[in-house]
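Keep the structure in view as you read.

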Amino acid sequence: MDLLLTGGSVFRNNTFEPGDLAIRDGRIISISASLPRDGFSVIECTGLILVPGFVDVHVHLREPGFSYKETVASGTAAAAAGGYTAVCAMPNLKPVPDSPAHLEEELALIRAGARVHVYPYGAITVGQKGAELADLIALAPSVVGFSDDGKGVQSREKMRAAMKLAKALDKPIVAHCEDESLLQPGWCVHDGAYARARGLSGNNPESEWRQVERDLELVEETGCRYHVCHISTRESVALIRAAKAKGLPVSCETGPHYLVLCDEELRDEGGFRMNPPIRSAADRDALIAGLLEGTIDCIATDHAPHSAQEKAGGLRGSLNGIVGLETAFPVLYTRMVEPGIVPLDLLIDRLCVRPRQLFSLPGGTLEPGAPADLTALDLHRPHIIDPADFRSAGRATPFAGWPVSAAVALTICGGQIAYSDSNKEEAP
């Protein structure tokens, strides 16, 4: 359908310009102070801001193999409700997408059920077991990069070989950094005051940053494009800052929960159990500084749904992973933009623009000719986060019950309504 969004403020050139935005055949065709309505389905956007659709470069859609946790359909419906028009899907699936045949099972589900654009990762190693490289050459044309997310590649030599091949293929290595030799058995939280006071086994921050350090040495050797997943420690921020100062092709992400929480706020609930864990206030502050200065390129949710039973064991007995697609923007706006910690244009850059640049994804701008992938935001929509309202099959979040002041009003993907908070019809 041809759409005309009227009365909103359009994000262009890092500013907001009042105007109408017209969409035809999946692309933006015009932006002007006032456009004729004839021939268009009109959507009133007065009081809303229009931004490029968000991109999450780190999500778990759980299909194939784990559809009891999430499906491509439910996960991308959650993405659309959170303002995302594109997600990059991690490969810890069954089968693992370590060959074209295995990847095709995932692609078929994406074609059948995705409400937004989905860009899959291929695995770095066969079965994500770290022993043998996956068929990176054959996978390269169909994937956005290579990752063994959920596990760190333990072998330095195997990571070196993967980086050399990825460099030749012009694809990024997207690394979950975790040195398993530095992990305490049975860890469930950050190794800090909270863990010690309650006799809990803690996750040593060194398990993350030591592998970041190793991989950055390999990047310097191989020249591979390298992206670090979900950094959580101040040491990781410092290492990546130094690597960027050297001109290395390095980028990284962190998650909303690492930016707005610290281990002093933990509760013994499954919604507070994830890997890496929520860390200290000093780590959180270093992450905020890294975001503001440009060391941290993206905010990614690491949306990782599990069944209710799998998250019912508190901190000790739950699986790692929380959902985040539907809470990211309201939480970040309320806790970081409104208090003046992070400017709104910087948040938009880290959610919309920079991820596309890093992963060579289309869109990221609202201009005539650009793909009609955009999100309308209401910055004056107070509500309480209620997991019962989620479109995701997962419900575990540390943000349940949080009051927030902003909401996603409308998501358009490929020129079609993917989500609307009114009674407008959503795309099937």
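## The second largest pocket

What volume does the second largest pocket have? It has a volume of about 320 Å³. The model is predicted, and this value is computed from it.

Lining this second largest pocket are 15 residues. Nearest its centre lie Ala 81, Glu 326, His 383, Asp 389 and Tyr 419. Two strands, β16 (383-384) and β18 (407-413), each supply at least two lining residues. Sorted by class, the lining of the second largest pocket has eight nonpolar, six charged and one polar residue.

## The largest pocket

The largest pocket holds about 510 Å³ of space. It is lined by 25 residues. Closest to its centre are Arg 62, Asn 92, Gly 150, His 306 and Asn 320.

Which classes make up the lining of the largest pocket? There are 13 polar, seven nonpolar and five charged residues.

## Helix α7

Helix α7 covers residues 234-245, twelve residues in total. At 1.5 Å a residue, α7 should span 16 Å. Its end C-alpha atoms are 17 Å apart, which agrees.

Which residues of α7 are buried? They are Ser 236, Val 237, Ile 240 and Ala 243. These four cover an arc of only 130° around the axis, so they sit on the same side of α7. An α-helix has 3.6 residues a turn, so residues three or four places apart point the same way.

## Around the helix

The buried residues of α7 pack against α6 (206-222), β12 (226-228), β13 (250-254) and α9 (281-293). After α7 comes Gly 247. Its phi is positive, near 85°.

Definitions and conventions
Residues numbered from 1 in each chain as written. Predicted model: local features only at pLDDT ≥ 70, side-chain atom pairs only at ≥ 80, totals over all residues. Heavy atoms only, no water. 1 Å grid on protein atoms, 1.4 Å probe; cavity = no way out; pocket = protein on both sides within 12 Å on 5 of 7 lines; lining within 4 Å. Points joined across faces, edges and corners; volume = space filled by probe spheres on them. Nonpolar A, V, L, I, M, F, W, Y, C, P; charged D, E, K, R; others polar. Expected span 1.5 Å × (residues − 1). Buried < 20%, exposed > 50% of the residue type's maximum accessible area, 1.4 Å probe, protein only. Arc of directions from axis to C-beta. Contact = heavy atoms within 4.5 Å.
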